[in-house]
Amino acid sequence: MTLKAVYSRSLKSAKTITTDSPNADLYSDGSGPEKSLDDLLARSDIQAVIIALPIKNQPEYVRKALLAGKHVLSEKPIAENMKDARELLKWYRSEIDTKKVTWGVAENFRYLASYG
């Protein structure tokens, strides 16, 4: 897998992530209309995204990426409280074709037999 692009809310932050992948395209808020998150999500060569943001902001970005047809791996917990987490899970199961687009949560223990 190749890192093709990085989005961050600030261009400075995006640049720090690409030190090992200098050819990755940078996207950020305020870096111009051609470099927005929506532009990144519209790219046909981007199949999946990793979302690692503050937990209170994360649900908005998870929804946006899934609606754009991208597979998503997000940080845990999925929301800052149980109410928002349940709503996000309910939305995912009812609004997204989970046979075409998957959402995973970066849980260290999810592949252990005792959690299966």
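With a relative accessibility of 46%, D38 counts as partly exposed, a class that lies between buried (under 20% relative accessible area) and exposed (over 50%), as found with a 1.4 Å probe on protein chains only. D38 has its place in helix α2, where helices (H or I, at least four residues) and strands (E, at least two) are DSSP runs numbered from the N terminus. Although D38 and A68 are 30 residues apart in sequence, their C-alpha atoms are 8.6 Å apart in space.

The model is a predicted one, in which local features need pLDDT of at least 70 and side-chain atom pairs count only at pLDDT 80 or more, while totals for chains, interfaces and linings use all residues. Residues are numbered from 1 along each chain as its sequence is written, and side-chain values use heavy atoms, with hydrogens and water left out.

The protein contains four helices and five strands, which follow one another along the sequence in the pattern β-α-β-α-β-α-β-α-β. Of its 116 residues, 32% are buried. When neighbours within four places in sequence are left aside, V49 is in contact (heavy atoms within 4.5 Å) with L40, L41, A65, H71, V72 and L73.

In helix α3, the residues Q58, P59, Y61, V62, A65 and L66 are buried. They lie on the same side of α3, because they cover an arc of only 165° around the axis, the arc being that of the directions from the helix axis to the C-beta atoms. The buried residues of α3 pack against β1, α2, β3, β4, α4 and β5 (103-105). After α3 comes G69, whose phi is positive, near 85°.

K70 is found in the loop between α3 (58-67) and β4 (71-74). K70 is buried yet has no salt bridge, and D45, the nearest side chain of opposite charge, is 6.8 Å away; a salt bridge requires a side-chain nitrogen of Lys or Arg within 4 Å of a carboxyl oxygen of Asp or Glu, and for charge Lys and Arg count as positive and Asp and Glu as negative, with His and the chain ends not counted. The side chain of K70 instead reaches the backbone oxygen of R43 at 2.7 Å.

Notes:
A polar contact is a pair of N or O atoms within 3.5 Å; within protein, one must be able to donate a hydrogen and the other to accept it, and residues adjacent in sequence count only if both atoms are side-chain atoms.
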